[in-house]
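Open the model in your viewer and get ready to select a few residues. We will go from one stop to the next together.

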Amino acid sequence: MKSANLSTVTEFIFTGFSQLQDGGLLYFFPLLFIYTFIVIGNLLIVFAVRLDTRLHNPMYNFISIFSFLEIWYTTATIPKMLSNLVSRQKTISFIGCLLQMYFFHSLGNTEGALLTVMAIDRYLAICSPLRYPTIMTPRRCAQISAGSCVFGFLILLPEIVWISTLPFCGPNQIHQIFCDFTPLLHLACTDASVILVQDVIHALAILITGLIISLSYIRIVVVILGIPSGEGRKKAFSTCAAHIAVFLLFFGSVGLMYLRFSAVYTPFWDAAIALTFSVLAPFFNPIIYSLRNKDMKDAIKKLLCPHKMFNFLGR
């Protein structure tokens, strides 16, 4: 009878929206605009890369896959946030919470793996340009992309399955704006030490991945600075600038969210950091990739205004 009374929680309530209760619509429309921009912006990048033959190379292939992942990464959380902003019952079912957490973090892990691949790709292109075409073949790029996706979704599965077996006997208030590991584990009727172990594992994964990418870009910058031609240095920097900016934005927001260790934030800052991590960083990524790259800008213009482009070329 005792074990039957343990797992009594069937849904959770998000308390991260409590401060927005009176002005939910004021936040609903900006968030809806951001989500729409993320979806459309990343779709433009995906189609531009696929349709423009000048962009059929490993670097743009990885960018298009990253943009495709960004669409689903934000879709895992933002539609539910929008619903909670305009509804009285800011709840999510137990299964829904696990699924949201699994897809959000699996897609995030896949993006982290892909950013690592992109850093290594740029390292090979700049530091070993003669060997680059034989190393980054189309088949190998496809294998690496598929491997990143498989890794991102499989690595988290045991942890989600384990959390699904934990007893949740109340309370059921998640102090966040979406389902996340630490807020959910704090509600489990189990030993609190598992939360510390889980935090350490996640922190190590973030630090190791960030270190690999940082070392790659540091090496790239050193090689670029050694290029004698000013024009050559400028071209090399322009190629890597967008990648470095997206890396700093992604891992900077991830670090704020998951490398806090024992630090405790106020509910306002918790929600603000979560929004930076899940909404603002994906919002800036298509801007960075489209504005920092001339070939990408030309491909998007050609995609949006094909008739004007054809008329221009026909003159």
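## Stop one: a disulfide

Select Cys 97 and Cys 179: they form a disulfide, with their sulfur atoms 2.1 Å apart. Keep in mind as you look around that this is a predicted model. A disulfide is a covalent bond between the sulfur atoms of two cysteines. Cys 97 sits in helix H4, while Cys 179 is in the loop between strand S3 (173–174) and helix H8 (181–185), so the pair ties together parts that are 82 residues apart in sequence. Turn the view to look at the S-S bond: the angle about it is -125°, which goes with a left-handed link. The model's count comes to two disulfides.

## Stop two: helices H4 and H10

Now select residues 94–127, which are helix H4, and residues 230–258, which are helix H10. How far apart are the axes of these two packed helices? They are 11 Å apart, and the helices pack at an angle of about 150°. That angle is over 145°, so H4 is roughly antiparallel to H10. Their crossing is left-handed.

Next, show the side chains where they touch. On H4, the contact residues include His 105, Leu 115 and Arg 122; on H10, they include Cys 240, Phe 250 and Tyr 258. The residues of this contact divide into nine nonpolar, five polar and two charged.

## Stop three: annotated spans

An unreviewed UniProt entry annotates several stretches as "transmembrane region", among them 144–163 and 200–225. Select residues 144–163: the span is 90% helix and 0% strand, and its end C-alpha atoms lie 30 Å apart. Then select residues 200–225, where the chain is 100% helix and the end C-alpha atoms are 37 Å apart.

Conventions:
Residues numbered from 1 in each chain as written. Predicted model: local features only at pLDDT ≥ 70, side-chain atom pairs only at ≥ 80, totals over all residues. Heavy atoms only, no water. Axes fitted to C-alpha atoms, helices over the stretch in contact; angles between N-to-C directions. Helix = DSSP H or I, 4+ residues; strand = E, 2+ residues; numbered from the N terminus. Parallel < 35°, antiparallel > 145°, perpendicular 65-115°, else oblique. Left-handed = near helix turned anticlockwise from the far one by under 90°. Contact = heavy atoms within 4.5 Å. Nonpolar A, V, L, I, M, F, W, Y, C, P; charged D, E, K, R; others polar. UniProt positions renumbered as here; feature names shortened; annotations may be inferred. Disulfide = S-S within 2.5 Å.
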